[in-house]
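Hi,

Here is the model I promised to pass on.

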Amino acid sequence: MNDGKDIIILGAGVIGVTSAYYLARAGHRVTVIDRQPGPGLETSYANGGQISASHAVPWAMPSTLPKIIKWLGRADAPLKIRLRADPALLAWCVRFLANCTSGRAAVNMERMLRIALYSRQALAEIECETAMDYQQRSCGILHIYGDPSEYKQACLQAGQLSDIGLENHPLDGFGCVHVEPALASARNRGLLVGGIHTPGDGSGDAHMFTAQLADIAAGLGVEFIYDSPIRRLIDDGGRIAGVETETEIRRGDAYVVALASYSPLLLRPLGIRLPIIPAKGYSVTLPLTADTVAPTVSLIQDEKKLVYSRLGQRLRVAGTADLTGYDLSIDDRRARMVLDAALELFPGAGNSAEPEFWAGLRPKTPDSVPVIGPTRYDNLFLNTGHGTLGWTMACGSGRFIADMISGKTPKIDMLGLGIERFK
Ligand SMILES: Cc1cc2nc3c(=O)[nH]c(=O)nc-3n(C[C@H](O)[C@H](O)[C@H](O)COP(=O)(O)OP(=O)(O)OC[C@H]3O[C@@H](n4cnc5c(N)ncnc54)[C@H](O)[C@@H]3O)c2cc1C
């Protein structure tokens with residue numbers, strides 16, 4: 001299309017690639033730059049695999065603070081914090097605390113769900129149009145509970161989500177086993193009292209999806225420049241004049257920052273303060289053998305903050321949140337905690353002799369809502385900060401930013417999704 005713009009996308013994770021796909025479809029000439037040798041090789045690589053609108057619950061809730069206090073100093077806690085004199089971290093914590101009221105939590109939940117449900121619809125359309133295979137499953141997601149009081153609390157939350165548009169069904173232990181028979185042993189051992197099933201959710205391999213969508217986007221004319229660490233955006237007084245990599249300067253009409261946890265580092269020299277911190281999480285992927293007893297329905301074990309997804313002949317389990325900075329090292333004890341919890345729930349699951357451990361940095365905002373939209377530079381846009389739900393929200397976020405850059409009104413309300421909420 002001749003009236004398309006030259007758009008440069010910074011980052012080829014699931015967010016950058018979905019943005020590229022929708023922008024190319026809207027008739028723009030798109031270039032994607034990434035430091036990795038291919039698409040989806042950082043946070044989008046081995047995440048929990050869940051496409052889970054039912055997980056659109058912010059970390060900052062009234063119940064969060066008592067939990068954090070309970071977890072402090074416990075080696076097996078889902079959350080680990082390394083306190084340090086980092087002004088960005090401290091400012092983030094202050095904003096996080098301010099979001100821990102029931103009023104703020106309700107607002108943030110609606111915003112998260114708005115994008116997640118829109119994304120669900122966008123992903124379904126991509127699937128119809130492209131016939132992709134990313135080991136997807138659409139049998140819903142089942143949140144499970146072993147503690148009656150946690151289950152009761154979760155039912156209240158499920159009611160709140162249901163009031164704002166998410167179909168879900170509370171189930172007793174027997175009902176959970178009916179949905180996922182592999183849970184029978186856990187129920188018999190007293191590890192399961194009830195659950196909540198969200199039939200519209202699903203799962204799939206985010207990296208496979210990203211790689212295939214990047215191929216489709218390349219077929220639409222998108223240029224991918226890999227192995228290219230980005231150094232800076234060039235400020236030309238109110239506009240961005242180019243992006244400098246280690247080898248060249250690329251110029252476009254507009255720029256989209258989709259660098260996940262690294263976005264604030266690139267934006268800080270421009271005077272844009274983006275409250276996103278890295279929250280490290282681990283996943284373990286187990287190969288399945290014929291006689292393994294592994295779930296086929298994707299699960300969330302809320303009390304342990306773990307998610308389970310069946311990806312073809314593999315079981316992926318993911319969780320933990322380590323606020324330990326830009327550190328991707330694998331702490332064997334933390335990673336094994338994820339494996340041990342999975343084996344406790346499903347003793348016969350997978351070949352635990354060959355676990356594949358991985359760590360990724362979730363780009364977390366203090367309110368758990370991503371940052372999608374314009375900046376004070378009229379040709380600079382953000383699509384970042386998707387935290388725990390970047391895979392869930394990717395297609396909707398990509399479509400949203402493409403509409404905005406194309407001068408079309410996005411199909412969902414933009415209120416509360418942009419950086420202006422942090423002023
Ligand atoms: C353990 C774990 C489990 C998770 N489970 C789920 C789940 O079940 N469901 C869900 O919806 N979400 C899940 N998430 C969250 C999800 O994975 C992320 O939100 C999502 O991958 C973010 O996508 P992204 O494209 O923004 O980031 P990324 O995939 O990290 O992409 C950013 C890209 O920017 C590039 N980049 C960064 N800096 C530079 C630079 N200076 N120069 C050039 N390139 C650069 C990187 O190479 C990278 O490719 C999980 C995350 C973790 C860690």
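Domain bounds here come from an automatic or database domain assignment. Domain 1 (6-44 + 208-272 + 368-422) and domain 2 (58-102 + 135-201 + 276-364) both contribute residues to the shell around the ligand, so the ligand lies between them.

Some housekeeping: this is a predicted model, where local features need pLDDT of at least 70, side-chain atom pairs count only at pLDDT 80 or more, and totals for chains, interfaces and linings use all residues. Residues are numbered from 1 along each chain as its sequence is written, and side-chain values use heavy atoms, with hydrogens and water left out.

Back to the ligand. The shell (residues with a heavy atom within 4 Å of the ligand) has 35 residues, and Asp34, Thr43, Ser44, Gln50 and Thr392 come nearest. Polar backbone atoms of Gly48 and Gln50 each sit 2.8 Å from a ligand nitrogen, while a backbone N or O atom of Trp391 is 3.1 Å from a ligand oxygen.

I also ran a salt-bridge search (a side-chain nitrogen of Lys or Arg within 4 Å of a carboxyl oxygen of Asp or Glu), and the whole structure has 20. In one of them, Asp327 pairs with Lys280 at 3.4 Å, N to O. Asp327 is partly exposed at 22% relative accessibility, but Lys280 is buried at 2% (buried is under 20% relative accessible area, exposed over 50%, partly exposed in between, with a 1.4 Å probe and protein chains only). Salt bridges with shared partners also join Glu223, Glu248 and Arg250 into one network.

Cheers

Definitions and conventions: A polar contact is a pair of N or O atoms within 3.5 Å; within protein, one must be able to donate a hydrogen and the other to accept it, and residues adjacent in sequence count only if both atoms are side-chain atoms.
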